[in-house]
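Dear colleague,

Here is the structure I promised to hand over, with the sequence alongside. My notes on what was found in it follow below.

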Amino acid sequence: MRDEQLLELLTERPGEYISGEEISRRLSVSRTAVWKGINRLKEQGYEFDSVTRRGYRIVRLPDRFDEVSLRLQLGKLTSWGQPLHLLDTIGSTQDLARELAEKGAPEGTLVIAEQQTAGRGRQGRVFHSPAGRGVWMTLVLRPQQPLQYTSQLTLLAAVAICRALRDVSGLDIGIKWPNDLLIGNRKVCGILVESAAEDGHVRYALGGFGIDVNVALEDLPEEVRPLATSLRIERGEPVDRTAVVVAILSELETLYHLYNREGFAPIAALWEASALAIGKVVTVKTLQHTMTGIARGLGENGELLLEQPDGSITPVYSGEVGF
């Protein structure tokens, strides 16, 4: 049984349930094969309502990017997103962006995929990227700065995406150091900035951004559900993914030019204004030990400044923050 055959059958009577028994009989396959086919279609972005003894009904088709509309909207607000590489399925947008950067792709080159099969986050963690549900993209940057300041780009990206998502969704979104975006205590966006350097300077940087836009709770692995959310879950209705991409690219370009003109100080101030933990007691787990203190702000390289019980300030360069 091909997925196309199953889809054709399910769409021939819009709004009606079609039983697994009927599907099995008409396509000459087992009920197990029908169930597997339904799950494959779910992975492609189709949503179903299933009722015992009634069967399956499609309730939502995949939301796919329209390349012409996306290019048009980007062209109105930003010079970034050109060239645009829009793909259906890819292992990781980060990997293709790296290939393009190595071949000389200009700053602003954008790779977007409807689905990632091998998306990853910080520290090699798996990043779940279901089809048609989110914004999975990587932006090529060519900053003119020493390698030691690359971490500042991660914080810049967090500020830009936070501002963009607030604008598009109307939701109260905050930043958890260094770069996770949260609604309440659940993650809605992950950011991964990687760079390639030569002679101590950055040749290029790759900003990988994964935003759970229209992800439903059932799209998430069970172990992730208590920790993650989406704009759709929080709003109770779908959000236009094209609007999300355009808003993010526009904010990123604006703050990136500000950063190039005035340095990290204004970016740090914007980050601190959106941070969830500033002035609060937090616990930071590093590879070596666990520390508790009051988060006071950012250092000049983006490190978290942690006030200890004795009043001293300890800079934290990596770790997991809890509060």
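A crossing of two helices is called right-handed if the near helix is turned clockwise from the far one by less than a right angle, and left-handed if anticlockwise. Please bear in mind throughout that this is a predicted model.

With that definition in hand, the crossing of helix 1 and helix 2 is right-handed. The contact is made by Q5, L6, L9 and L10 on the side of helix 1, and by I23, R26 and L27 on the side of helix 2.

T93 counts as buried because its relative accessibility is 3%, and, leaving aside residues up to four places away in sequence, T93 touches V111, I112, A113, Q116, W136, M137 and T138.

G236, by contrast, counts as exposed, because its relative accessibility is 66%. This glycine, G236, lies in the loop between helix 7 (231-235) and helix 8 (241-262), and its C-alpha atom is separated by 9.8 Å from that of N214, the two residues being 22 residues apart along the chain.

Lastly, as to side chains, the charged end of R241 sits over the ring of F65, at 4.1 Å from the ring centre.

With kind regards

Key:
Residues numbered from 1 in each chain as written. Predicted model: local features only at pLDDT ≥ 70, side-chain atom pairs only at ≥ 80, totals over all residues. Heavy atoms only, no water. Lys NZ or Arg CZ within 6 Å of the ring centre and 35° of its normal. Helix = DSSP H or I, 4+ residues; strand = E, 2+ residues; numbered from the N terminus. Buried < 20%, exposed > 50% of the residue type's maximum accessible area, 1.4 Å probe, protein only. Contact = heavy atoms within 4.5 Å.
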